[in-house]
Amino acid sequence: MFIDTGRDMRLISGKYFGRVVFGFVSAAIFAWPAMGAQTAPIPDFSGIWGRNSFNLEAMPFGPGPVTNMMRTGAAAGTPIFVGDPVPLVGDYNNPILKPEAAAVVKRKGEYSASGHDFPDPSNQCGAYSPPYLFSIQLGLQMLQLRNEIVILYTNSAQVRHVRMNSSHPEHVKPTPMGDSIGHYEGDELVIDTLGVKLEPYTMADRFGTPQSEAMHTLERYRLIDAKDAQKAMELHEKIAGRINAEAGVAPIDTRYGKGLEVQVTVDDPNVFTMPWTAKVTYRHMLRDWAEGICAENNTDVLHQGFEHVPTADRPDF
């Protein structure tokens, strides 16, 4: 859908696609692509995109994200339809984790397995910064202006601003969602983000994997065939579970022939032993925009018994 605002503004909906970029000078440095002139038509990511599962999808090769140890092997069987796949017991044996980070994931997983929630940006109404936002957001739209892309997310009414064809300041001032710059490479949208400010519950994923202010992400968005997108989504639902049971939360528009694939490559030398890549797959949705508002309270929204009331013997998560 195109909107005439006098400034050649286009409404785009999309998510990041990323081709894994290996061949780093070191495990902690990305060979970020140079910004070049866009000669091909700008890809059309318009519409409302959604999915029915949380968490990041693993790539078919290379180091991948932390996954839920409680759901190992689920992909081999029938999808397990659940409201929210808990407990969240992250695989602290994942080789991407440094020992200190692995210990944090292990401790949070044990707490979740005991029937409690640990605070995170979602249940504490915090900012969803990358890469966490890719593990939690279920729907999005994009507004593309001449010099900026604005990404609207359904969960907690999060909004993200991406400067196009720009560069990071020499001294980036950290902000809760980081400093994001974007450009096009052919039919792909590339977004580079750094400078995420650490808030009390900032984390890299839903399993509580920590991150530092050195976090650097490279996101890539591309359109893929709808059949390929559906296969990827069904596989992930078998592994991660399906929100709102079989009905899902995002009815798919089967008439639309494209899906949206987002790949994100993550580097944080203070937390991870190496850069790693994951993806998220979306399809066009039939529903109108469903905006969700986060209301702060002291009650566990997942009904696991978590009451956010400080006590002397409660560990500081």
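A cavity is here a set of points, on a 1 Å grid over the protein atoms alone, where a 1.4 Å probe fits but cannot get out, and its lining residues have an atom within 4 Å of a point. Grid points are joined across faces, edges and corners, and a volume is the space filled by probe spheres set on the points. The model shown in these views is predicted, so local features need pLDDT of at least 70 and side-chain atom pairs count only at pLDDT 80 or more, whereas totals for chains, interfaces and linings use all residues. Residues are numbered from 1 along each chain as its sequence is written, and side-chain values use heavy atoms, with hydrogens and water left out.

**View 1. The largest cavity and the residues that line it.** The structure holds two cavities of 30 Å³ or more, and the largest cavity has a volume of about 50 Å³. Its lining is made of Arg51, Asn52, Ser53, Glu57, Met233, His236, Glu237 and Thr281. Helix α3 (residues 226–240) supplies three residues, the largest share of this lining; helices (H or I, at least four residues) and strands (E, at least two) are DSSP runs, numbered from the N terminus. By residue class, the lining of the largest cavity divides into one nonpolar, four polar and three charged residues, where Ala, Val, Leu, Ile, Met, Phe, Trp, Tyr, Cys and Pro count as nonpolar, Asp, Glu, Lys and Arg as charged, and the others, Gly among them, as polar.

**View 2. The whole chain, as a setting for the close-ups.** The chain has three helices and 11 strands, which follow one another along the sequence in the pattern β-β-β-α-α-β-β-β-β-β-β-α-β-β. Of the 317 residues in the chain, 51% are buried, a term that stands for under 20% relative accessible area, with exposed meaning over 50% and partly exposed in between (1.4 Å probe, protein chains only). Among contacts with a separation of 6 or more, 73% are between residues 24 or more positions apart; contact means heavy atoms within 4.5 Å.

**View 3. Strand β10 with its partners β9 and β11.** Strand β10 (residues 258–267) has nine of its 10 residues buried, so it is largely enclosed by the rest of the structure. On one side of the pairing scheme, strand β9 (residues 216–225) runs antiparallel to β10 and is joined to it by 10 bridges; two strands pair if DSSP finds at least two bridges between them. Strand β11 (residues 276–284) also pairs with β10 in the antiparallel sense, over eight bridges.

**View 4. Strands β4, β5 and β6, with Gly139 in its surroundings.** Strand β4 (residues 139–144), in which Gly139 is found, is joined to the antiparallel strand β5 (residues 148–153) by five bridges, and the two strands form a hairpin with three residues between them. Within this pair, Gln141 stands opposite Leu152 in β5. Gly139 is buried, with a relative accessible area of 1%, and, not counting residues up to four places away in sequence, Gly139 touches Trp49, Gly50, Leu152, Tyr153, Thr154, Tyr282 and Trp289. The C-alpha atoms of Gly139 and Thr154 are 5.3 Å apart, although the two residues are 15 positions apart along the chain. Strand β5 pairs in turn with strand β6 (residues 159–164), again antiparallel and over five bridges, and here Ile151 stands opposite Arg160 in β6. The hairpin of β5 and β6 has five residues between the strands, and Ser156 takes a positive phi near 60° in this hairpin.

View 5. A polar atom of the Asn94 side chain is 3.3 Å from the backbone oxygen of Gly64, and Asn94 touches Gly64, Pro65 and Val66 when residues up to four places away in sequence are not counted. The C-alpha atoms of Asp192 and Arg163, 29 residues apart along the chain, are separated by 9.9 Å.

Conventions. 1 Å grid on protein atoms, 1.4 Å probe; cavity = no way out; pocket = protein on both sides within 12 Å on 5 of 7 lines; lining within 4 Å. Polar contact = N/O pair within 3.5 Å; in protein donor to acceptor, adjacent residues only side chain to side chain.
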